[in-house]
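Hi there,

Here is the structure I promised to pass on to you. Have a look at it first, and then read my notes below.

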Amino acid sequence: MKKICMPVLLCMFAVAGLAAQDKPLNTMSLNGVTGLYMVPTARLGWEDADAGFNGGYHMNFVESELEDIFQANVSLFRWIEIAASYVGQPGVDDDDLLFGVKIRLPITKTAVALGGNFHYGDLGRSGGNHFATQVYGVFTYGAEFFGMPADTTLAAGKTFWEGESVDSSIDFGMGFDLIVLPQYLKNFVHWVVDFSNFGYNQGQGAGIRGAPNQAGLRGAVNTGLRIDLGQIPALSKFNFVIDAYLTDAFDAETRYFGIGAMFGMKF
């Protein structure tokens, strides 16, 4: 199953490419940056206002333990986004702090952005803190998949790990946000899939405490549903999204289930 994940996903993205999505859903990845689950998109949380704010909370269930993620991002001047996330791990002194910056380039109608993430891991652990910095480029384009509007994203970059002077690995991620059956469900239900060889939490791959860096070793598929409550007329001026998802969905040992919500407004 793992060996066929990449070819299958590549075929799905190759099919997409006919018609633009009218109103893309710009919500948070698990590290607070606007994106899919692990993969950032080239979009900003608010692209129709000079200032906007989003805040979110996600719970990841790892067997009998719980991981809390508190997120926030700010969009400024329609071209820059600043994000932060606090990850509360089940273990003692295992909490992580994440920061992100993204700049959208005014080049073409296709969204193109450059960004960077900083990870400060194991807060409070004496002598055990670790750091990682990721830089990336990403583009996102409107498409159509089996008659349903979609946003398709491709991202590539590089992670620099504390204490590692030689590392030739390249970060790669791709994914799509598909509006499910809009003729029946309007634009409420989105199916999100992404594949990446990096996780939202750079210190531990897909962010699973005690597990090896499976995302970095062989890539991981993450998928779920997003419910866009901003489609309700009374909430149309806000971002209001509910998430239910699986990370590393094809691997029983490192798969986990998560739920969350995000709310935001523009100024």
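Are Asp243 and Arg226 buried or exposed? Both Asp243 and Arg226 are buried, where buried means under 20% relative accessible area, exposed over 50%, and partly exposed in between (1.4 Å probe, protein chains only).

Before you go on, please note that this is a predicted model, in which local features need pLDDT of at least 70 and side-chain atom pairs count only at pLDDT 80 or more, while totals for chains, interfaces and linings use all residues. Residues are numbered from 1 along each chain as its sequence is written, and side-chain values use heavy atoms, leaving out hydrogens and water.

**Salt bridges**

The whole structure holds seven salt bridges (a side-chain nitrogen of Lys or Arg within 4 Å of a carboxyl oxygen of Asp or Glu). One of them joins the side chains of Asp243 and Arg226, at 2.8 Å from N to O. Asp243 lies in strand β11 (residues 238–247) and Arg226 in strand β10 (residues 220–228), so this pair ties together parts 17 residues apart in sequence. Helices (H or I, at least four residues) and strands (E, at least two) are DSSP runs, numbered from the N terminus.

Another salt bridge pairs Asp151 with Arg43, with the closest N and O atoms 2.6 Å apart. Asp151 is in strand β7 (residues 148–161) and Arg43 in the loop between α1 (2–15) and β1 (51–62), so the parts they tie together are 108 residues apart in sequence. Asp151 and Arg43 are both buried.

Glu47 and Arg104 also form a salt bridge, their closest N and O atoms being 2.4 Å apart. Glu47 sits in the loop between α1 and β1, and Arg104 in strand β4 (residues 96–105), 57 residues away. Arg104 counts as buried because its relative accessibility is 18%, whereas Glu47, at 24% relative accessible area, is partly exposed. Arg43, Glu47, Arg104 and Asp151 are linked in a network of salt bridges.

**Nonpolar cores**

In soluble globular proteins, nonpolar side chains tend to be buried together. Here, the largest nonpolar core has 22 residues, and Leu30, Val138, Tyr200 and Tyr256 touch the most other members. (A nonpolar core is a set of buried Ala, Val, Leu, Ile, Met, Phe, Trp, Tyr and Cys residues joined through side-chain atoms within 4.5 Å.) At least two residues of this core come from each of β3, β5 (111–121) and β6 (130–145). A second, separate core has eight residues, including Met148, Ala150, Phe176 and Val221.

Enjoy exploring!
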